[in-house]
Amino acid sequence: MNNKNVIFWRVYLSFFALVLLSVGVVFNIVRIQTVEGAQWRNLADSLTTKYVDVKAKRGDIYASDGSLMATSLYRYDVHMDTRASGLLKEVFDEGVDSLAYQLSVLFKSQTGKSQADWKNTLVTGRANGSRYLLISKDVSHTELKQLKQFHIFNRGQFRGGLIVEPRNERIHPYGNLAVRTLGYMRPNDTDYVVGLEGYFNKEIGGTAGKILKQKVSSKVWIPINNGNTLDPIDGYDLYTTLDVDIQDIVENALLKGLLKNKAHNGCAIVMDVKTGEIKAIANLRRSSADETKYLEIYNYAIGVKSTPGSTFKLASLMALLDNGYMLPTDTLGTEGGVWKIFEDEKVVMRDDHDYGTLTLQRAFEKSSNIFF
């Protein structure tokens, strides 16, 4: 009897322990669902969804006559969610052949894939449960309009699985003309700014929008909504004083001069002296890989400081002639080659030689500091 009682007590104790454990589990389930439910659901959402920036369209840059020198074109990356919630099996099976044919025609030159290849890609992707199957990158706006009319894709993102992600591509209609002056921004590097693009980035860069994306795999995030949660605001356009024709002439003339003299680098600025407007800026430097090739790698005209030296005598000469103060034959003494400045004997200006009395023309030829 004693052994029997001991067994019964152990059974009762185990039973009550299980009852208490069950009560505890039920209590915590109710508590989590009613008291902490919102907190945990928000945490789960934060781990599987996030807001991603949508870049704004950068403003255009124009020359003085309205010629377009830099603009942004939308290009698109297209994927397919083969397991979209509204993409039914019968819809996929019925439309996959037509979709494969349409894709083979549209992207024939890019991929060379046949209808059978595309069908295999789509069917395999759906069998593998791909939520982000690549259709094509760098799709143009015209191609995108066609894609949206294709079988299955014409049902949209949630019923047809079509995922479209836009991105901006900066285009220079005149190629490398004034490329350094127009400038650029390094991706994800706001400290590295070049030219007008960099200096006016805040104005022409616009304001980014937001789109909500959901995590479907370790590295893949797909948009939850068809549109943006917050639409981006396009940047302002920038109108410059550059003249396309003058810029082209200056760049070609500079290149010829550099090639003729086998120079390392050179620069040229053309300014309308009546208004101060800059009509052209050209900078070229010899390529380290090919000595016969010159590239606009650095803006020497703006980025390098140096004393003008005797080259500024030309500006003085032009001013004297243009304003009628002197003729090329007018003369002036050069003070024996030494000229005291501010009556201070310690501060003097010198010529290489005592040139005596010179005409304006000869003074320029001799580069006389004292004359000018």
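This is a predicted model: local features need pLDDT of at least 70, side-chain atom pairs count only at pLDDT 80 or more; totals for chains, interfaces and linings use all residues.
How many bridges join β3 to strand β4, and in which sense do the two strands run? Four bridges join them, and the strands run antiparallel.

The hairpin of β2 and β3 has five residues between the strands, and Gly-66 adopts a positive phi near 90° in it.

I turn next to a second hairpin, that of β11 and β12. Strand β11 spans residues 265–272 and strand β12 spans residues 277–286; the two run antiparallel and are joined by eight bridges. Ile-269 lies opposite Ile-281 of β12. Four residues separate the strands in this hairpin, where Gly-276 has a positive phi near 85°.

The next element is an open sheet. Its three strands follow the order β1-β8-β9, with antiparallel pairing. Which strands form the edges? They are β1, at 49–54, and β9, at 221–223, each of which pairs on one side only. On average, and with direction ignored, neighbouring strands of this sheet are turned by 45° against each other. Strand β8, residues 209–215, is connected to β9 by three bridges in the antiparallel sense. One of the residue pairs here is Gln-214 with its bridge partner Ile-222 in β9.

I now move to the aromatic side chains. The count for this model comes to seven aromatic pairs. One of them, Phe-107 with Trp-118, is tilted, with 6.3 Å centre to centre and 40° between the planes. This pair links distant parts of the chain: Phe-107 sits in the loop between α3 (89–106) and α4 (108–111), while Trp-118 sits in helix α5 (residues 115–127), 11 residues apart.

A second pair, Tyr-298 with Tyr-300, is edge-to-face, at 5.3 Å centre to centre and 70° between the planes. Tyr-298 counts as partly exposed, at 32% relative accessibility, whereas Tyr-300 is buried, with a relative accessible area of 16%. Buried means under 20% relative accessible area, so the value for Tyr-300 falls within that class. Ring pairs also join Phe-364, Phe-371 and Phe-372 into a cluster.

Finally, the surface. Where does the model show a nonpolar patch? The patch is formed by Ile-7, Trp-9, Val-11, Tyr-12, Phe-15, Phe-16, Val-19 and Val-23, and together these residues have about 870 Å² of accessible area. Ile-7 is located in helix α1, residues 2–34. Why does Ile-7 count as exposed? Its relative accessible area is 52%, and exposed means over 50%.

How values were computed. Residues are numbered from 1 along each chain as its sequence is written. Side-chain values use heavy atoms; hydrogens and water are left out. Two strands pair if DSSP finds at least two bridges between them. Axes are lines fitted to C-alpha atoms, for helices over the stretch in contact, and angles run from 0 to 180 degrees between N-to-C directions. Patches are made of residues with over 30% relative accessible area and no salt bridge: like charges are joined within 9 Å, nonpolar side chains (Val, Leu, Ile, Met, Phe, Trp, Tyr) within 5 Å. Accessible areas come from the Shrake-Rupley method with a 1.4 Å probe; for residues, only the protein chains shown count as cover. A salt bridge is a side-chain nitrogen of Lys or Arg within 4 Å of a carboxyl oxygen of Asp or Glu. Buried means under 20% relative accessible area, exposed over 50%, partly exposed in between (1.4 Å probe, protein chains only). Rings of Phe, Tyr and Trp (its six-membered ring) pair if their centres lie within 6.5 Å; planes under 30 degrees apart count as stacked, over 60 as edge-to-face and the rest as tilted.
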